[in-house]
Amino acid sequence: MTLPGNGDPAREPPAPVAERREVTCALRDGTRLRTLLLVPHGTGPWPALLTRHPYDVTREEHDGMLDVGRLVAAGYLVALQDVRGRFGSEGVFDPCAQEVADGADAVAWLAALPECTGAVGMWGASYASETQFSALLGGAPALRAIAPAMTPAMSALDGFRFRGGVPEIGSTLAWTHYAIAPDLIARIGSAGEREAERKRWEATERAIATGDAFRAGALHSGPDAESIVVWGLDRLREPLGSAHHRAGKIVDRIDAIDVPVFLTGGWFDVFLGSTLEIYRRLLHRAREAGGPVPRLLVGPWSHGDMSGRTAGVDFGPGASADDLGGGGDLTERHVRWFDAALRSGTADTPPVRVFLMGSNRWVELEEFPPRGTRTLELYLGSGGSLAAEPTGSGERRLTSDPASPVPTRGGAVLLFAPFEAGPADQAAIESRQDVVSWRTAPLAEELTVMGAVHAVVHLATTGTDADVVVRLCDEHPDGSSLVIADGVQRGSARFVDPVTGLGDRRPVEPGRDQEFVVDLWSTAHTFLPGHRVRVDIAPSSSPRWDVGRNVFEPGPAGRTAAPTAAEYTIRHGAARPSRLVLRVVTAAPR
């Protein structure tokens, strides 16, 4: 992007890119990766900025997360690279696992170019965030700073392939079938094999359209799908402790992240949990052992939309990544940060900037959550009440029927049409018999939640396994109920660490009261006067999460029992204190 001139050619601003070169980066095994080099005007060398992903990097030139022309105009040698086995690059695509060695090689190659000072930074969202962490894991001394956005790099078990022990079947299919499969099919050399794979793609498309791809038990039915979809479903069939879930992740290697990190996230991003967990761990290490304090920016965004308008809600013009409420746009903030990290410039302060929904404004903090937050527990009570104290013992029942799962509506999802991420109205979902709700009285004053949210649910089931979906909603005076945060927990995975996968799965004992702790990740949201805090509990959310069968199965993935309906009894009161646990602030930061 260039600024418009006044019509006088002599006064037109110079083009930000002096030269565009398409070159190849040779890896240690001889594989050549297509790389676009965008060279600044003037004489180098310059520090370099690199992004690597599997989505055709030519798109970055005009439609990327950052304006690459402005990066070049700021004096950076910019490199855009297709990863192994994708678009213009050679090789066979092996998601995540290949990026450790390949990323380190790519950084070393770029740093050694005569146009480069030897200092490299990386940026990018989603898979392009993973390649940054992978390069550090592979050993890349020239990599001096990274700016990962919407990143799943912490763990495969907390929003990437699983959430609360439940397979993320919807996002797995969305990614493998729509984002990855088409190019892989186009690369097949044999016309006959290419056509056969195309027909398998069409079979997957039909299964998605009819819902067969998400029915209870579909994960284990061995669909006639294209190879990358089979690869993705195979990962979901593996035990939570599988080594495959650690490939390219930093869950065991946070010590390897020893450079400045600028994290960007979205309150409705499927990888919000991972983004914030990386932030928390890097902040803890910085305090305990020194080193760079991580930077954090979180907007009211979904995985693929940073406009600040999603699911029918417009958070205002300042909510966009193109504005950031007067704090400069996303590209400008990255340039200033890279200048500080790679050129000894002045760092932006304070280190955290988050969008406070409800109030619809940005706040700047020294850390997230801010100091001074307190815990507020809201107890599920009789008559659907939600209050600061238990209001009598009782119970509510619902039937979990795998043949009729609760449909996904909004939330932190990465799905396909018509399933949109964001604060969607839950009114139609809440009218179902298998969704039960509790709500506060209309608030007399603002209530600002900033930080972690979780629910404790005391539940008994007639099955040997159970899924508990919990949504935190903002109920408006007009009756609309907008989802703010959500989460799920599978009963058999209650004792498995949601980040590391350590711990054993075990069955739920039928008829016995069990305590489910459901992580709703975090939020920053102000409930306005007259609004209500609302909690919904359901047994499923499809196609987002694998539909549970209410049956515990410890055996091989290929052995499946028939789905069966089960009755859930949710108990509340002083003896069984089912509750919502929030981190709140007395006065919202300004």
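Guide: Let us start with Arg 544, which is in contact with Arg 163, Pro 167, Glu 168, Ile 169, Gly 170, Thr 408, Ala 412, Val 413, Leu 415 and Asp 486, leaving aside neighbours within four places in sequence. Please keep in mind that this is a predicted model.

Visitor: Why is Arg 544 called buried?
Guide: Its relative accessibility is 2%, and buried means under 20%, so Arg 544 counts as buried. This arginine lies in the loop between strand E23 (532–538) and strand E24 (566–572).

Visitor: Asp 486 was in that contact list. Where does Asp 486 lie, and what does Asp 486 touch?
Guide: Asp 486 is placed in strand E21 (residues 481–490). Not counting residues up to four places away in sequence, Asp 486 touches Arg 163, Gly 410, Gly 411, Ala 412, Val 470, Arg 471, Asp 519, Leu 520 and Arg 544. At 8% relative accessibility, Asp 486 is under the 20% cut-off and therefore counts as buried. Between Asp 486 and Asp 434 there are 17 Å in space, C-alpha to C-alpha, and the two are 52 residues apart in sequence.

Visitor: What makes Val 270 count as buried?
Guide: The value is 1% relative accessibility, so Val 270 falls under the 20% limit and is buried. Val 270 sits in the loop between strand E9 (262–268) and helix H8 (272–289). The residues that Val 270 touches, not counting those up to four places away in sequence, are Gly 159, His 303, Ala 412, Val 413, Leu 414 and Trp 521. Val 270 and Phe 160 are 7.5 Å apart, C-alpha to C-alpha, although 110 residues apart in sequence.

Visitor: Now to the rings. How many aromatic pairs are there?
Guide: Rings pair if their centres lie within 6.5 Å, and by this rule the count comes to 14 aromatic pairs.

Visitor: Why is the pair of Tyr 178 and Phe 416 called tilted?
Guide: The ring centres of Tyr 178 and Phe 416 are 6.0 Å apart, and the planes stand at 50 degrees. Stacked needs under 30 degrees and edge-to-face needs over 60, so this pair is tilted. Tyr 178 is in helix H5 (residues 169–186) and Phe 416 in the loop between strand E17 (394–400) and helix H10 (427–430), so the pair ties together parts 238 residues apart in sequence.

Visitor: What makes the pair of Phe 355 and Trp 362 edge-to-face?
Guide: The planes of Phe 355 and Trp 362 are at 80 degrees, which is over 60, so the pair is edge-to-face. The centres of these two rings are 5.3 Å apart. Both Phe 355 and Trp 362 are buried.

Visitor: How do you know that the charged end of Arg 163 sits over the ring of Trp 521?
Guide: The charged end of Arg 163 is 3.5 Å from the centre of the Trp 521 ring; the distance limit is 6 Å, alongside an angle of within 35 degrees of the ring normal. Arg 396 likewise lies over the face of Trp 438, at 4.7 Å from the ring centre.

Visitor: Why do Arg 287 and Glu 367 count as a salt bridge?
Guide: The N to O distance between Arg 287 and Glu 367 is 2.4 Å, and the limit is 4 Å, so the pair counts as a salt bridge. This pair links distant parts of the chain, with Arg 287 in helix H8 and Glu 367 in the loop between strand E14 (361–365) and strand E15 (374–380), 80 residues apart. Arg 287 is partly exposed at 47% relative accessibility, while Glu 367 is buried at 13%. A search of the whole structure finds 43 salt bridges.

Visitor: Why is helix H3 called roughly perpendicular to helix H4?
Guide: Helix H3 (residues 99–111) and helix H4 (residues 127–138) pack at about 80 degrees, with their axes 7 Å apart. Roughly perpendicular covers 65 to 115 degrees, so H3 is roughly perpendicular to H4. Among the residues making the contact are Val 100 and Ala 104 of H3, and Thr 131 and Ala 135 of H4.

Terms used: Residues numbered from 1 in each chain as written. Predicted model: local features only at pLDDT ≥ 70, side-chain atom pairs only at ≥ 80, totals over all residues. Heavy atoms only, no water. Helix = DSSP H or I, 4+ residues; strand = E, 2+ residues; numbered from the N terminus. Buried < 20%, exposed > 50% of the residue type's maximum accessible area, 1.4 Å probe, protein only. Contact = heavy atoms within 4.5 Å. Salt bridge = Lys/Arg side-chain N within 4 Å of Asp/Glu carboxyl O. Axes fitted to C-alpha atoms, helices over the stretch in contact; angles between N-to-C directions. Parallel < 35°, antiparallel > 145°, perpendicular 65-115°, else oblique.
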